Amino acid sequence: MIREEFMEEPTSSSSMNKKSCKERYEQFMEDSWCAHFFLGPNPFMARYVYALIFLVTNLLAWTIRDYGRSALSELQRLRGCYGARYCLGAEGVLRISLGCFLFFFVMFLSTVNTKKVQDWRNSWHSEWWPAKIILWLGFMAIPFFIPSAFIQLYGKLAHFGAGVFLLIQLISVISFITWLNDCCRSEKNEKRCHVQVLVVSILAYMASIVGIILMYVWYAPRPTCSLNILFITLTLALLQLMTFVSMNSKVNAGYLAPGLMGLYIVFLCWSAIRSEPHTEICNKKAEAATSADWLTIASFVIGVLVIVMATFSTGVDSKCFQFKKTEAEAEDDVPYGFGFFHFVFAMGAMYFAMLFVGWNGHQNMQKWTIDVGWASAWVRIVNQWLAALVYMWMLVAPLVWKRRQVEAT
């Protein structure tokens, strides 16, 4: 009896330990971050999936533009193409862009004004991926059955949508820079971050000056390059003007924000000059890029990734576009604006189309090129001027409104 009891006890204890381990494992899985990451609606995971869909769409548009000519015989069967060579190339990019725009615009309409995580639209935004993949594939196919005239009309509307995207991105970047500047100048962080702010500001100004000098060397090698000289000189003037306005005693915005804005406008000037046609004699770097295939391919890959990252980062930054103060966030509030997120991606669909066709729906782009052409260059440079004006207005606007309120009283 004692032996039987001794033999039974370990068995019972073993089963209890196994049961206990199983229960603890299940409890761990329920409470773990991994379980919440993959199970149930997860808006944080969803935004990366949408970015991946957007990246795949960009690559599909590039493939059709550069390597889709061989598929033209198959597309002759489609009612909207009629065997025309414009079904692919620039118009093929517009068709893919239209499908991407329709997908994200439908998602925008179905998720706009979602406030709480209990809302069924949170589940639609964060789950139902098989259904949304089918929806995306359908929207990718539909534009190839649409007549060419309608596609050209969409190409004209895409100019406006791409402009809206650039404006949203511009405000997002400037808002981040001003937020960072205000955070470092706050009473809590001013003494603690003084050295870091000083170092970052000096490095930003030095990088801006070095960038301007290099642009003079690379893109204005002779006095006849008057347009490039004008672009670079205006960039230097805008850098000085922003610093002067920011350091004015009435504004007193510090030197970190104008330093970072200087880097931004130098980058925009460089992008504008790089977008000039490769036949431009003043663009030595563009000529070098055409002679080195690996450099052209690397620039293209980086350009596509920048489009996706810019769209992604702008899409989750809906708070900087709230023009009225809201109450403190509750635990059941959505982490970001779903409708704004999809709206930005819809405008981004128009934006990448303009980059792939050089802002001209009838232009034949070379392989592995992106955002090349005089139209692209002028869009970039106007975006730079607008960025400087918006930044300086954000500094001066509080003084203007305060003065008007004083005069009104």
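This is a predicted model: local features need pLDDT of at least 70, side-chain atom pairs count only at pLDDT 80 or more; totals for chains, interfaces and linings use all residues.
**Entry 1: the whole chain**

I started with the overall make-up. The chain has 15 helices and 0 strands. Of its 409 residues, 44% are buried. I then looked at how far apart in sequence the contacting residues are. Taking contacts between residues at least 6 apart in sequence, I found that 78% join residues at least 24 apart.

**Entry 2: α8 against α11**

Next I picked helix α8, residues 148-184, and helix α11, residues 256-274. Their axes come within 9 Å and cross at roughly 150°. Angles over 145 degrees count as roughly antiparallel, so α8 is roughly antiparallel to α11. I noted the crossing of α8 and α11 as right-handed.

Which residues make the contact between α8 and α11? On the α8 side I listed L170, V173, I174, I177, L180, N181 and C184. On the α11 side I listed L256, A257, L260, M261 and Y264. By class, this contact of α8 with α11 has 11 nonpolar residues, 1 polar residue and no charged ones.

**Entry 3: N181, a closer look**

N181 belongs to helix α8. Is N181 buried or exposed? Its relative accessibility is 5%, so N181 counts as buried. Setting aside neighbours within four places in sequence, I found N181 in contact with A253, L256 and A257. Both L256 and A257 are on the α11 side of the helix contact.

**Entry 4: α8 against α14**

I stayed with α8 and turned to helix α14, residues 338-357. The axes of α8 and α14 come within 7 Å and cross at roughly 120°. The two helices are therefore oblique to each other. The crossing of α8 and α14 is left-handed.

From α8, the contact takes in Y154, G155, L157, A158, H159, G161, A162, V164, F165, L166 and I168. From α14, I wrote down F340, F343, V344, M347, G348, M350, Y351 and M354.

**Entry 5: α3 against α14**

What else does α14 pack on? I checked helix α3, residues 43-67. The axes of α3 and α14 come within 11 Å, with a crossing angle of roughly 15°. That makes α3 roughly parallel to α14, and α3 passes α14 in a right-handed crossing.

The α3 residues in this contact are P43, R47, Y50, A51, F54, T57, N58, A61, W62 and R65. Their α14 partners are F338, F341, H342, F345, G348, A349, F352 and F356. I noted that G348 is listed here and also in the contact of α14 with α8. For α3 with α14, the classes come to 12 nonpolar, 4 polar and 2 charged residues.

**Entry 6: F231**

I moved on to F231, which lies in helix α10, residues 226-247. With a relative accessible area of 1%, F231 is buried. What touches F231, leaving aside neighbours within four places in sequence? I found C269, I273, E276, W378 and I381. I also looked up the spacing between F231 and Y216: they are 15 residues apart in sequence and 10.0 Å apart in space, C-alpha to C-alpha.

C269 has 0% relative accessibility, so C269 counts as buried. C184 is at 15% and also counts as buried, because the cut-off is under 20%. C184 is one of the α8 residues in the contact with α11. How many disulfides are there, with sulfur pairs within 2.5 Å as the rule? The count is 0.

**Entry 7: two positive phi values**

Last, I looked at backbone angles in two loops. N113 has phi near 65°, a positive value in a residue other than glycine. Where is N113? I found N113 in the loop between α5, residues 90-111, and α6, residues 120-126. At 57% relative accessibility, N113 counts as exposed.

W128 has a positive phi of about 55°, although W128 is not a glycine. W128 lies in the loop between α6 and α7, the latter being residues 129-141. Is W128 buried or exposed? W128 is exposed, with a relative accessible area of 55%.

Notes
Residues are numbered from 1 along each chain as its sequence is written. Side-chain values use heavy atoms; hydrogens and water are left out. A disulfide is a pair of cysteine sulfur atoms within 2.5 Å. Buried means under 20% relative accessible area, exposed over 50%, partly exposed in between (1.4 Å probe, protein chains only). Axes are lines fitted to C-alpha atoms, for helices over the stretch in contact, and angles run from 0 to 180 degrees between N-to-C directions. Helices (H or I, at least four residues) and strands (E, at least two) are DSSP runs, numbered from the N terminus. Angles under 35 degrees count as roughly parallel, over 145 as roughly antiparallel, 65 to 115 as roughly perpendicular and the rest as oblique. A crossing is left-handed if the near helix is turned anticlockwise from the far one by less than a right angle, and right-handed if clockwise. Contact means heavy atoms within 4.5 Å. Ala, Val, Leu, Ile, Met, Phe, Trp, Tyr, Cys and Pro count as nonpolar, Asp, Glu, Lys and Arg as charged, and the others, Gly among them, as polar.
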